[in-house]
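Here is a brisk report on one model. Keep the sequence and the coordinates open while reading.

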Amino acid sequence: MITVTESAQNELTKYFADKDVQPIRVHLADGGCAGPRLALALDELRDNDKSVQQGDFTFLIDTELAEATGAVAIDMTAYGFTVESENQIGGGGGCSCSSSGSCGSAGSGGCGC
């Protein structure tokens, strides 16, 4: 369902070092010209959520989105977090974009068309 690489878990550990650990939502965010993309944001559990524990962190995803995405993989790159799904989500525009974002910033990442 949701897997998190060791590098992503390490970055989350650093992020929450001086904060209370909160659930992290996988959600569909606007992606500019490339269409919607998966992103991360801090959030609370909702009625229609699936909850997945990975290490010290709880990841949330809406049940319908989870069915559409299939397996989700969260990784950390030099550009930030990447959130990729087994199934293609959204449409593609005429440019190449990054799926990276950062915790607490649902609108991060984007496209430089």
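Predicted model: local features only at pLDDT ≥ 70, side-chain atom pairs only at ≥ 80, totals over all residues.

The bridge is part of a network: salt bridges with shared partners link R25, D43, R46 and D49. D43 also forms a salt bridge with R25, where the closest N and O atoms are 2.5 Å apart. D43 sits in the loop between β3 (37-42) and β4 (49-54), and R25 sits in strand β2 (residues 24-29), so the pair ties together parts 18 residues apart in sequence.

Are D43 and R25 buried or exposed? D43 has 19% relative accessibility and counts as buried, because the cut-off is under 20%. R25 is buried too, with a relative accessible area of 5%.

## A salt bridge within α1

The whole structure holds 5 salt bridges. One of them pairs the side chains of K14 and E11, at 4.0 Å from N to O. Why can these two pair up along helix α1? K14 and E11 are 3 residues apart in α1 (residues 6-15), so about one helical turn separates them. An α-helix has 3.6 residues a turn, so residues three or four places apart point the same way.

The two partners differ in accessibility class. K14 is exposed, at 59% relative accessibility. E11 is partly exposed, at 28%.

Which residues of α1 are buried? They are A8, Q9 and L12. These residues cover an arc of only 100° around the axis, so they lie on the same side of α1. On the other side of α1, E6 and K14 are exposed.

The cover over the buried residues of α1 includes β1, β2, β4, β5, β6 and β7.

## The three-stranded sheet

An open sheet of 3 strands runs in the order β1-β6-β7, with mixed pairing. Neighbouring strands here are turned by 20° against each other on average, direction ignored.

β6 and β7 run antiparallel and are joined by 6 bridges. Within this pair, M76 has F81 in β7 as its bridge partner. Helix α1 packs on the sheet and touches β1, β6 and β7. The direction of α1 makes about 65° with that of β6.

## β2 and its partners

Strand β2 is largely enclosed by the rest of the structure, because 5 of its 6 residues are buried. β2 and β3 run antiparallel, joined by 6 bridges. In this pairing, A29 stands opposite R37 in β3.

β2 also pairs with β5, this time in the parallel sense, over 3 bridges. Here V26 stands opposite I61 in β5. Strands of a sheet pair through backbone hydrogen bonds, either parallel or antiparallel.

## The nonpolar core

How many residues does the largest nonpolar core have? It has 19 residues. I2, V26, F59 and I74 are those with the most contacts inside it. At least two core residues come from each of β1 (2-4), α1, β2, β3, β5 (57-62), α2 (63-69), β6 (72-77) and β7 (80-85). The largest share, 3 residues, comes from β5. In soluble globular proteins, nonpolar side chains tend to be buried together.

V26 shows how these elements meet. Beyond its neighbours within four places in sequence, V26 is in contact with I2, L38, A39, L40, L60, I61, L65, V72, I74 and V83. Among these contacts, I61 is also the residue opposite V26 in β5.

Where is Q22 found? Q22 lies in the loop between α1 and β2. Its relative accessibility is 33%, so Q22 counts as partly exposed.

Q22 and T58 are 36 residues apart in sequence, with their C-alpha atoms 7.6 Å apart in space. Leaving aside neighbours within four places in sequence, Q22 is in contact with F16 and L42.

Methods
Residues numbered from 1 in each chain as written. Heavy atoms only, no water. Helix = DSSP H or I, 4+ residues; strand = E, 2+ residues; numbered from the N terminus. Buried < 20%, exposed > 50% of the residue type's maximum accessible area, 1.4 Å probe, protein only. Core = buried A, V, L, I, M, F, W, Y, C linked by side-chain atoms within 4.5 Å. Contact = heavy atoms within 4.5 Å. Pairing = 2+ DSSP bridges. Axes fitted to C-alpha atoms, helices over the stretch in contact; angles between N-to-C directions. Arc of directions from axis to C-beta.
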